[in-house]
Amino acid sequence: MTFDPPPSFSAWHVARHRARHQHHEGGRIFVDPLASVLPGLSQDALLADPDRPWEARSRRFIAARSRIAEDRLARAVQGGTRQLVVLGAGLETIGLRHPHAGEGLRIFEVDRPETLAWKRARVAQAGLAIPEGVRLVPCDLERDGLLPRLQEAGFDPFRPVFFFCLGLLPYLTWEMNDALLRFISSLPRGEVVYDYYEPPEMLSGGELAYAENRTKALAEHGEAWRTDFSPRAMEDLLELTNFRWFEDLGAAEIAELFGPAEGAPGADSGGHVVHARA
């Protein structure tokens with residue numbers, strides 16, 4: 001089976017990390033039986049490709065943020081939430097797995113038109129289908145209005161909603177992050193899980209080198225890493241954008257949940273996972 005080159009290097013790279021977590025760590029943190037299907041990676045390819053420096057820790061962080069997001073979503077569904085919006089959906093598989101279909105959860109996967117077209121092709125080539133209750137919503141957050149696009153797909157802005165924004169905030173400007181969080185907090189029982197990264201001046205040693213190499217690799221593929229936050233700056237932003245409650249899980253909290261990372265301390269180059277409620 002052959003695939004066209006991905007329009008989003010970061011989306012493919014994240015999908016590869018999720019797939020490799022299933023094979024290298026047996027899905028210990030986050031189980032995803034479809035993880036290797038969409039990126040088109042065979043088991044032999046997953047096992048033969050050696051880890052690059054820091055890759056195991058980066059993979060661990062991506063698995064942890066997915067596990068945290070889906071655990072918090074499950075609690076929200078138990079509380080009556082029936083809408084999930086996945087921003088920057090890429091090759092995310094929750095829509096295909098649809099773990100809360102029985103509770104009537106509707107899923108809206110949002111990404112750029114070219115990325116969603118690529119995903120549809122991946123799904124079709126894998127012999128899968130987009131389930132009922134899942135909508136792929138083409139939207140360029142830099143040009144399009146998010147709410148009109150969601151409403152066209154059947155989103156109800158008057159019902160509780162949960163957002164996944166995994167791997168998205170660093171690619172947005174500070175102003176776009178502010179506008180996005182304000183939008184989420186304006187919705188009934190608006191709830192979100194996202195990740196952010198500490199700025200280079202807060203890092204040192206291998207973590208700093210990793211962050212610099214990450215930015216360089218993305219730039220080589222035409223993608224810009226735009227925004228970092230200190231934990232204090234993120235706390236201020238959440239207060240400014242009207243969130244009443246949040247938890248910020250950094251390296252220590254992630255290690256407490258899933259065990260310590262291999263190698264030097266830290267989950268992945270200053271990465272944090274935030275769960276916030278309006």
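**Group meeting: the sheet and the helices around it**

Let's start with the sheet. Seven strands make up an open sheet, ordered β3-β2-β1-β4-β5-β7-β6, and the pairing is mixed. One thing before I go on: this is a predicted model.

Which strands stand at the edges? β3 and β6, residues 245-249. Each of them has a single partner strand, so one side of each is left without a neighbour in the sheet. From one strand to the next, the twist averages 20°.

Now helix α10 against that sheet. α10 packs on the sheet and touches β6 and β7. The direction of α10 makes about 80° with that of β6.

Next, two strand pairs. The pairing can go either way: strands of a sheet pair through backbone hydrogen bonds, parallel or antiparallel. Here is the parallel case. Strand β2, residues 106-111, pairs with strand β3, residues 134-138, over five bridges in the parallel sense. Look at V110: its bridge partner in β3 is V137. How does the chain get from β2 to β3? Through helix α5, residues 113-125. That β-α-β crossover is right-handed.

And the antiparallel case. Strand β5, residues 191-197, and strand β7, residues 271-277, run antiparallel and are joined by seven bridges.

On to helix packing. Two packed helices are described by the angle between their axes and the distance between the axes. I have two cases, and helix α3 is in both.

Case one is α3, residues 55-78, with α10, residues 251-258. They pack at an angle of about 75°, and their axes are 11 Å apart. Angles of 65 to 115 degrees count as roughly perpendicular, and α3 and α10 are therefore roughly perpendicular to each other. Which residues make the contact? From α3, R60, F61, A64, R67 and I68; from α10, I254, A255, L257 and F258. By class, that contact has seven nonpolar residues, two charged and no polar.

Case two is α3 with helix α1, residues 9-24. Their axes come within 9 Å and cross at roughly 95°. So α1 and α3 are also roughly perpendicular to each other. On the α1 side we have V14, R16, H17, R18, R20, H21 and H24. They meet E55, S58, R59, I62, A63, R65 and S66 of α3. The class count here is three nonpolar, five polar and six charged residues.

Last topic: aromatics. The count comes to seven aromatic pairs. I'll show one of them, F163 with F183. The pair is edge-to-face, 6.1 Å centre to centre, with 85° between the planes.

Conventions:
Residues are numbered from 1 along each chain as its sequence is written. This is a predicted model: local features need pLDDT of at least 70, side-chain atom pairs count only at pLDDT 80 or more; totals for chains, interfaces and linings use all residues. Side-chain values use heavy atoms; hydrogens and water are left out. Axes are lines fitted to C-alpha atoms, for helices over the stretch in contact, and angles run from 0 to 180 degrees between N-to-C directions. Helices (H or I, at least four residues) and strands (E, at least two) are DSSP runs, numbered from the N terminus. Angles under 35 degrees count as roughly parallel, over 145 as roughly antiparallel, 65 to 115 as roughly perpendicular and the rest as oblique. Contact means heavy atoms within 4.5 Å. Ala, Val, Leu, Ile, Met, Phe, Trp, Tyr, Cys and Pro count as nonpolar, Asp, Glu, Lys and Arg as charged, and the others, Gly among them, as polar. Two strands pair if DSSP finds at least two bridges between them. A crossover is right-handed if, with the strands pointing away from the viewer, the path from the first strand over the helix to the second runs clockwise. Rings of Phe, Tyr and Trp (its six-membered ring) pair if their centres lie within 6.5 Å; planes under 30 degrees apart count as stacked, over 60 as edge-to-face and the rest as tilted.
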